[in-house]
Amino acid sequence: MNKADTVVEMRNITKRFPGIVANDRVSFELKQGEIHALLGENGAGKSTLMNILFGLYQPDEGEIFVNGEQVVIDGPNKAIKLGIGMVHQHFKLVHPFTVTENIILGSEPTKGLAVNYKSANEKVANLSKQYGLNVDPTATIDEISVGMQQRVEILKTLYRGADILIFDEPTAVLTPQEIEELLVIMRKLVEQGKSIILITHKLKEIMAIADQVTIVRRGKWIDTLPVAGMNPNQLAEKMVGREVSLKLDKKSAVLGEPVLELDKLVVKGRQGLRALNETSFVLRRGEILGIAGVEGNGQSELIEAITGLRPIESGSLKVLGTEMAGAKTRKLSEAGISLIPEDRHKHGLVLDFPMRENMVLETYYLPQFSKGGFLDYDAIDAHAKRLIAEFDVRTPGIHTPARALSGGNQQKAIIAREVDKNPEILIAAQPTRGLDVGAIEFIHKRLVEQRNMGKAVLLISFELDEIMQLSDRIAVMYEGRIVGEVDPAQTSDEELGLMMTDFKAPQGGGQRE
Amino acid sequence: MKKTAKIATGIMLVASLALTACGAKNNNNTNEGASPVASSPAASEAASPASSAGAGKKFAMVTDVGGVNDKSFNQSAWEGLQKLSKDTTAEVRYLESKEATNYLTNINQFVREKYDLTWGIGFLLGDAITEAAKQNPDAKLAIIDSVVEAPNVESVTFAENEGSFLVGVVAGMMTKTNKIGFVGGIDIPVIKRFDLGFEAGVKAVNPDAQIIKNYTGAFDKPDLGKAAAATIYNDGADIIFHAAGGTGNGVFNEAKERKSSGKQVWVIGVDKDQSIEFGDDVTLTSMLKRVDEAVYRISKDLLDGKFAGGKVTVLGLKDNGVGLPETSSKNVPADVLAKVEEYKNKIISGEITVPTAQ
Amino acid sequence: MNKVIRLFTKDSAVVPLVAIVLGLIVGAIIMLFGGYDPILAYRSLLKKVFGNPYDFGETLTAITPLIFTGLSVAFAFRTGLFNIGAEGQYIVGMTGATIIGVQVNAPWFIHAPLAIIVGALCGGFWGMIAGYLKAARGVNEVITTIMLNWIALHLGNYLVNTFVLEPGKGRSYFVDDSAAVTIGWLSRAMDNARIHWGMFFAILAVIFVYAYLWRTKSGYELRVVGFNPDAAKYAGINVNKGVVKAMFISGALAGLAGVFQLLGVFLNQPISAGHTGHGFDGIAVALLGGNTPLGVLFGAILFGTLSYGAAGMSFGADVPPEIIRIVIGSVIFFVAAPGIIRWVLKQLRLRKNKGEVA
C-alpha cells in the first residue's frame, strides 16, 4: 500500500478537557477501502478522537490530513464537505417524518420553492438498492425497526456524499440478526469503495469484520495492527492493560429447592395484548437461568410481572413457595427479590441524587436508615462508603451525583445495592449493556459468585454470548411464551437463534437481494 | 299646574340657550352656573386666574388599582389636581396602586413627605384612608366616594342616583328595542346608586323598557366589561350605561366593534365626558361625575384655610356635581334634552326623590 | 474563611449575582431611553426600602407572602410538579382564615392558630385536588391548577359574599382581634408598618421545606418521585400517593401566604375580580431561587424589595411602574438564562487571561 491510499490521517492529536487529557498525541490512519476498528474501553478517548475528525471538537495540537491534504475541520458541515459521515450511536431522527424526509433534512432538493419529494424518493431508493439496504423511503421512522433506523442514518451519510463512514458503537442497539445484517452492509460498502471507521469495544465484531485495529487506552495510542492473526484475548489485554479472562471459571451448579415458580402467567402489554401468554418456568437455588430471546418478546413484561410493577391477569407466581401474584413491588422486594433493571438510568438510579441516596433507594425506610420519620444520614453514609469500597465503584465520593459516574460504575453501584439486600432471587436484566470488557468481567464474576453462594439468578439478556457463558440452563422466550429449554453445553448460537425466532426465517429485508 | 307650565317654558328657554352655547365652544361664559343641562368643564375656572396661592403647598392623590389613565374617575381626579397646580402653582403628585396592599403604603408615602393634603380616589381606599387617618392625626386627608369618619378627613360623595336618573331618561326615550343594559363595577353602594337612579329614570319615561344588569366585580378589567357588553347587546339591548371605571372601556370597545359592522348601538359613559375619549359615534352621552371639580374645590378650600375635617360633602345636581355634558346634544335630540331638563328641575326642587342606596 | 470565599465564587452564587447586575443595567438602559435618570431611580428605590423604619417594615411585609408562594412552587418543582396554582391556593387559604377569623369567637391562643391551620388546610386541599386528578386520572397539573385558580377566585368571592360580607363595603367584616397576627409593639416601633408574625412563620417554612425534603423519609420519597418517577416505582414507592401529598404540602404553603396576608395585613377579605399575582410571583421567586429553600428566601427578598421599592422609584424619579416591571423581568430573564451569564463570565475570564498573557 502506498501513501496515496491513505484517506484519513490524524497525526499526534492532543485534546485536553478541564482536568483530563482525552487524547494524548494519538495518531490514526485510515486506508482506502478498509474497515478500521478503533478499540478502547469507555472513556479511553476513542469518541473524542472521532468527534475531532467529524469537526465537533477542535484539537489542541496535531494535524489532520484528508486525501493527502492538510485540513482544518471546524464543524460537521466541513467534515461532510470532505466526505466524512458519522452514524451516531443515538440516532438523530425526526420520528413522525418519513425516511426520505429525514435523509434530505437540511439539504432538501427543491423545485421552485417546493421540496422535490419525487426526485428525493428516487435518489434514496437508488442509494438503498445500491448498498443493499432495503429501506422503504416513504415509511415513517415510527413504523420501522431500530435496525432499519440505523440504515436510515447510514443512508443519510451516503446521501450527503460521504466516502469515509464513522460508525459509533453501531451494534449496541441491535439484535443478533440485525448485527449479522449490518456486517453484510458494511462489507458491501467497502466493496463499493467506501472506507469505514468502526468505534467499538466488542472484540467479537472486530474479529468478524475489521481489517485493521487501533487500540487506545486512557487517551493514549497503544497499538495499530492487522486483525488477522490476533485472538480476542490478546486484543482485550491491550485494551484493558492487563490480563483478562474472557472465559469464566464456573463450577457445576449445585441445585437447591425452587424459589421462583411461574405457572401459566398472563400479563397484558402496552397495547392491551397478552405480552406474557401463559409463561411457566421454575428457578432454583444455586443456578443461573438465562432467558434468551429477541427484544420485545415479553422479557420486559416478565420482569415487571415478577417485581410487581405490572398487574397479573391470571396464573400463579410463587416466591419461596408462597403465592405472590398481585403483591406490591415493596412486598416482593422484602420477600427476597432483587432487580438489576435493564435501563439503569431510567429505572435503577436517580441520576441527580448523590450516590449515598442512590444506595438506599429501596431500603431507606428500614429502621437501620430511618428513625422517627427522619433519615439517619450517618448510617446511610456508612452504608454507601462500605458498598463503594466492596464493589470497587469508582466515584469521587458519596456526595457525587450518580450522573457523574461512568456507565460501568453506575452499574456496579446498582449491583452493589441489589446484592447487599441479600436477596433469594437476583434478577439481572441486560446487566452488561453498553459496558466495556473490564466492567463486564467484574459483573459476570459477581453473578456467578451469587449463584455459588446458593442464590437463584435469573439472567435476561439479548446478548447470546452472555447467555451462553453464564447460564446453567437457558429458556428461550418467543411471543410471551417459553418455547424451549436447552443446556448451554449442548446447544449452539444457531440452534438458539432459530428457537428465538420460532423456527421462522429472519424477518425484514436486508439479506434478500 | 300653572307653576309647572311656567317652569317648563323656562326650561325650554334655557335648554335652547344651552344648545346654542354648545355650538360655539366658549369657555368664557361666566354665567354657566345657571346653565342647567350642560355642566361645562370647570365652574370655577373663571373664578381664579393663575395665582401663586399654592406656592410651596403639596397635594397628592393615590389611585385605586385602575391606575391614573383609567379614562374615568382616577383620571378625572388627576385632572382636577393638575388644574389646581396650573391655577395656584401648588405641587401635585400621584401614586398608582398595583394591588390592595399598596393603598396604605402609598398614602403613607405622601403623609410622611408632609403633603398638605392627600386624596384617596375611590371607594376601595376607604379602609386605607381610615387607617392612615388614625395613625397620623396631624395629616390632612380626603376621600372620594366613601365616607370616612375622622376629624382629619374630608369625604366627598356624589348623588350619582340623580345624574343617573337623567341619563336613564335619555336611554328610556331613545331606545328602539326597549331593552337597555347596565354594566356595573363592584356591587358597592356607590355603583348601586348609579344602578337605581338609572333604572328609575328609564322607568319614569318608558315603563315598559327592560333593563339588563351585569356587575362585573371589577373596576380595572376591560375584558370583563367587553364580555358583559357583548352579552347584553346580544340580548337585544341597544344602549348600555356603564358605571365600571376602567372596566367600562371594554363596553366601548364592544360597541365600536358592533358599530363598525353596521349595527347602531350606544354607550352612556360615566364620570367624564367619554365621547371625547371614545368618539361620539358610540357615546350617546355621559353621566358626568365631577371628581375633578370636587378634588379641585376641596383642595382649593384648604389653600383658602377652609379645610373642614370630618365633613361629608355630597355633590348632586344642584351643585353641578353630576350631570350631562354639553356634547350630549350631538346625539341626543332636543326634545329628549328638554325632558331631561324638566326632570332635572323636578329633582332639584324635590318634586321627585330618586331612589338611592346606602 | 476559604470555604466562604469558595461558596461565593462558585458558579451557583456568582451566576444569580451577575444576573441581577445585568438586569439592573438593562433596566437602567431602558430608563435612559425613556428619559428617566436611572441612578436617581435606583437611589430612590434603596431610599424607599431602607430609608426609614416604616418602609423597611412594609418591605418585610411585602416579602413575606412571596416567601410562602415561592416555597410552594419550589416544593412542587422538587417533586416533579409544576404548580401554577399557588394563586388559587392563596385565595382559598385566605378565605378559610377569613371565615374562621370572622365567624369564630375564641381566645387568641385558640383563635389565631385555628385560623392559620384551617387556612393552611384549605390551601392544601385546593392543591390536593390537582394532585388527585393527576394521580388518579393523569390530568396534567399545569392545566388543572390554572383552572383551579379561577374557580378559587370565584369560590372565594362567593363564600365571602355569603358568609362574612359587611353590607355595602364590598368586603368581609374585619376579623376579630383575637385572630389577628399583627405585632402591635413592633408595628408601633416601626411607625405603624404592618408587621406581623407571618414573616417568622415564613422563615420557619424555609427551614421546614429544607428539613422535610432533605432530612425526612417521606421527603426523600417525594424527591425520588420528582426526579425519577420510574425509579420510584421500581423502588416500590407509591408515586401517586407522593403526587397527592406533594400537592397538599405545596398548596398549604401557598395557602399560608394568603392566611398571613389576611390575618396580618388586610384583616378583611375584599370581593375581588382578579388575582393578586402573589401566586404567579411565586413562580418567578422559585425560579430566582433555583428551587432551593434558601434561594427562595433570597429570591423573595429581591423580588419584594424591587416591587416595594417600585413606588419609591416612581415617587423619587417619576419612573412609571411599568418600567420597574421591566427591570424585575430582565433580572428574572437573566437568572433563568444561566447560559447567557456563563457565556458573559467566560468572556470576562478570557479577556482577563489574555490580559495576563500580554
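I number residues from 1 along each chain as its sequence is written, and I letter chains from A and number ligands from 1 in the order in which they are written. In this predicted model local features need pLDDT of at least 70, side-chain atom pairs count only at pLDDT 80 or more, and totals for chains, interfaces and linings use all residues, while side-chain values use heavy atoms, with hydrogens and water left out.

**Entry 1: chains.** I looked up which chains touch, taking contact as heavy atoms within 4.5 Å. Two pairs of chains are in contact, and chains A and C share the most contacts. Chain A and chain B have no contact, and their closest C-alpha atoms lie 39 Å apart.

**Entry 2: chain A overall.** I counted helices and strands as DSSP runs numbered from the N terminus (helices are H or I, at least four residues; strands are E, at least two). Chain A has 17 helices and 24 strands. Its radius of gyration is 25 Å, close to the 24 Å from the globule rule for 513 residues, so chain A is as compact as a globular protein of that length. That radius is taken over C-alpha atoms, and the rule is 2.2 Å times the number of residues to the power 0.38. The C-alpha trace of chain A spans about 70 × 50 × 50 Å along its principal axes.

I then looked up burial, where buried means under 20% relative accessible area, exposed over 50%, and partly exposed in between (1.4 Å probe, protein chains only). In chain A, 55% of the 513 residues count as buried. The accessible surface of chain A is about 22,400 Å², with 50% of it belonging to carbon and sulfur atoms; I used the Shrake-Rupley method with a 1.4 Å probe, and for residues only the protein chains shown count as cover. Of the contacts in chain A with a separation of 6 or more, 67% are between residues 24 or more positions apart.

**Entry 3: a sheet in chain A.** I took two strands as paired if DSSP finds at least two bridges between them. An open sheet of four strands runs β14-β13-β16-β17 in chain A, with antiparallel pairing. Its edge strands, β14 (274-284) and β17 (322-323), each pair on one side only. Inside this sheet, β13 (residues 258-268) and β16 (residues 312-319) of chain A are antiparallel over six bridges. A:Val266 has A:Ser314 in β16(A) as its bridge partner.

**Entry 4: a sheet in chain B.** Here I found six strands in an open sheet, in the order β7-β6-β8-β9-β10-β12, with mixed pairing. β7 (210-215) and β12 (322-323) of chain B are the edges; each has a single partner strand, so one side of each is left without a neighbour in the sheet. β8 (residues 239-243) and β9 (residues 266-271) of chain B run parallel, joined by three bridges. The bridge partner of B:Phe241 in β9(B) is B:Ile268.

**Entry 5: strand β5 of chain B.** Six of the six residues of β5(B) are buried, so the strand is largely enclosed by the rest of the structure. On one face I listed B:Val153, B:Ser155 and B:Thr157, on the other B:Glu154, B:Val156 and B:Phe158; all are buried. β5(B) pairs with β4(B) in the parallel sense over four bridges, and B:Ala142 has B:Glu154 as its bridge partner. Four bridges also join β5(B) to the parallel strand β11 (residues 312-315) of chain B, where B:Val156 stands opposite B:Thr313.

**Entry 6: positive phi.** Most residues other than glycine have a negative phi. B:Asp145, in the loop between β4 (141-144) and β5 (153-158) of chain B, has a positive phi near 75 degrees. B:Asp145 is buried, at 7% relative accessibility. A:Arg218 has a positive phi near 50 degrees and sits in the loop between β11 (212-217) and β12 (220-226) of chain A. A:Arg218 is exposed, at 72% relative accessibility.

**Entry 7: helix α14 of chain C.** The 24 residues of α14 (residues 293-316) should span 34 Å at 1.5 Å a residue, and the end C-alpha atoms are 34 Å apart, which agrees. The expected span is 1.5 Å times one less than the number of residues. I noted a kink of about 35 degrees centred on C:Gly309; the bend at a residue is the angle between axes fitted to the seven residues ending there and the seven starting there. In α14(C), 19 of the 24 residues are buried, so the helix is largely enclosed by the rest of the structure. C:Asp318 follows α14(C) and has a positive phi, near 60 degrees.

C:Phe303 is in this helix and is buried at 3% relative accessibility. Leaving out residues up to four places away in sequence, C:Phe303 touches several residues, including C:Leu66, C:Asp281 and C:Ile332. C:Phe303 and C:Ala62 are 241 residues apart in sequence, and 9.2 Å apart C-alpha to C-alpha.
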